Amino acid sequence: MSSPFLSSPHTVATSQVPDERGRFGEFGRRFVPETLMHALEDLTAHYANVKQDAEFQMELSDLLREYVGRPNPLYFAERLTEHAGGAKIFLKREDLNHTGAHKINNALGQALLTMRMGKKRVIAETGAGQHGVATATACARFGLPCVVYMGEEDIRRQKLNVFNMKLMGAEVRPVTSGSRTLRDAINEAMRDWMSSVKETHYIIGSVVGPHPFPMMVRDFQSIIGLETRLQALEHTGSLPHEVIACVGGGSNSAGMFYPFVDDKNVVLTGVEPGGKGSAPGEHASTLVHGEKGVLHGSYSYVLQDSSGQTSDVHSISAGLDYPGVGPEHSYWKDTGRVNYVNCSDDEALEAFQLLARTEGILPALESSHAIAHGIKAAGKRSKDENVVICLSGRGDKDVYELARILRKDI
Amino acid sequence: MPYIAAGDPDLATTAEIIKELSSAGVDLIEVGFPYSDPIADGPVIQASYTRALDKGLKVEQIFETVQKLTTAEDSLPPLVAMVSFAIIFRVGPEAFIKKAEVAGFSGLIVPDLPGDEAEEFAALISGSSLDLVQLIAPTTPDHRVEKILNTASGFLYCISVAGITGARDELPPELNDQLRDLRSRTDLPLAVGFGISKPEQVDILRDVADGIIVGSAIVRHLENVTDDASKAMALKAIRQMADGLVAATHRS
């Protein structure tokens, strides 16, 4: 049921998006209360400045090198490749970053920007807790007070990350409204921001929300794809044949895919959480099963009922448990530049254990979705081809949940 | 100008409240369309939305109830729908406008459709009998005010405080200056909302505003409605509150 309203023809995807109104093709824009509009205009202007500012970019790249430990390896997973029986599989090791996931790339960039804007306080939302930990870390590093909104259900699933955030001085505020997950945490963070916008910056954790967030978070995460390009050329002498990443809100995948968008020969595949099935409420596959709509300030694919109410979603992974997706992904879907598929809870669980046994690496449950599909995709390709999978985070945070599901005691 | 959420605790009660408010002599009634992710609303209104949605409320049913009411009653004040753009987009903007017209609404307030994004929708709505009420916040800078005034009709919804809906004890001192400035720039009536719950606050605003919007303070009375007795109590409390606010508005 797509309306001609808002629509514009999609032709071929380009990296020259969004436009000045925050549009990726027809998607994106700013559907937020007037109270936030001035702050978004202000943020857009400040971000345009630092994007061109050599000093800011130098400061950020120093931090990424000295504090985060970048560049992280593009690792040839030999035994996983043998298991898949096809193309060579390379893993982009975002799990080796300080704080254990790709989220720190964005959190540090936005924390630096917070200080440039002269704002004194930071708020953030978190699902699995990785973005919350990354933001708490960046705030501890720079001495900024930090409040993290987190759904009660996610607090239960991710106790370790909650404790870590508190250790670093962040206040974790439980969100008890709605589904008590990531979506409600974003609502609460937006509400806080409405009242505190003069002195507070909202470090959003994914490529979602109103312009300029989807663009800005993509840019800060693009270090993933930029490094991967160079490393693939070093290792194999060519760009990868296929690049695969998991998609919840879509930040690790946006950062991984964006530098490859204009390389038309590189196949890009996003893997969504298929949960327990394809019925509403059983999954969080926004691009595979959703329709166009408005959520959290932007126009994108969403999971909604026919009245426009946001659907309940399910994923075994708290970081992918989200009924929306970044507007640039919707643009990539409609232009056909990225292929979006999904994989189930069970397949992700299996991939988690398989990577542990074959490579001695515990992947995050989020990244396990990309691994699960990556094994299938590599298996269908010839041995002289190369596939890159984004290993967006490590799985230590998930072992309690995994033990509960597998009915093992720790 | 009272605000209520449709369908809390049910649509029959919504209709009764509208009649009650109408006979109290209010100037206009805002009817909120419950939405699952209302980022501009505080806990009281969000809880009211959740109560309505938990019972499976559909947009279509709100239109039906309002249409019945506007057909049967001829002395109702104008009814204005407060509705998220997420809902309007899903129903289809043209279809939504048509349904709202047929139901007898006088206008729409779309809190997540700021001036910049409102152009296409304002063009659509200008071909209908509905007004598109626009919001102005304390954080709205001068260059945005111009843009907003270009697409606004009906009245201007002036948000009193930077933040979400919900009763507050005090209103910011800058509010009067902002209202005076707006008065000099537009002929549209100025209505002030967010944070207002008491007749004393109405007293302060009487000379600078044309209307006062009270939401959470009214909706709160519906929190504990479980049976006919508690419903009758809630209706009585809402009526008393409306009477007090109407009297305060008309004092001079």
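Reply: Start with the term itself: a cavity is a set of grid points where a 1.4 Å probe fits but cannot get out. Rolling a probe the size of a water molecule over the atoms shows where empty space is left. The model here is predicted, and a search of the whole structure finds seven cavities of 30 Å³ or more.

Me: How confident is the predictor in chain A?

Reply: Chain A has an average pLDDT of 95, and 98% of its residues score at least 70. Within chain A, the lowest confidence is in helix α6 (residues 152-157), with a mean of 89, and the highest is in strand β9 (residues 242-246), at 99.

Me: How much space lies in the largest cavity?

Reply: The largest cavity holds about 420 Å³. Its lining consists of 40 residues, and those nearest the centre are A40(B), D41(B), M82(B), P111(B) and T165(B). Elements giving two or more residues to this lining are α1 (34-52) and β11 (291-295) of chain A, along with α2 (43-54), β6 (156-159) and α10 (216-219) of chain B.

Me: Which classes of residue make up the lining of the largest cavity?

Reply: The lining has 26 nonpolar, nine polar and five charged residues.

Me: What is the volume of the second largest cavity, and which residues lie nearest its centre?

Reply: The second largest cavity has a volume of about 350 Å³. Of its 33 lining residues, H102(A), K103(A), S251(A), G319(A) and E366(A) lie nearest the centre. Among the elements of chain A that give two or more residues to this lining are α8 (182-196) and α15 (365-379). By class, the lining of the second largest cavity has ten nonpolar, 18 polar and five charged residues.

Conventions: Residues numbered from 1 in each chain as written. Chains lettered and ligands numbered in written order. Predicted model: local features only at pLDDT ≥ 70, side-chain atom pairs only at ≥ 80, totals over all residues. Heavy atoms only, no water. pLDDT = per-residue confidence, 0-100. Helix = DSSP H or I, 4+ residues; strand = E, 2+ residues; numbered from the N terminus. 1 Å grid on protein atoms, 1.4 Å probe; cavity = no way out; pocket = protein on both sides within 12 Å on 5 of 7 lines; lining within 4 Å. Points joined across faces, edges and corners; volume = space filled by probe spheres on them. Nonpolar A, V, L, I, M, F, W, Y, C, P; charged D, E, K, R; others polar.
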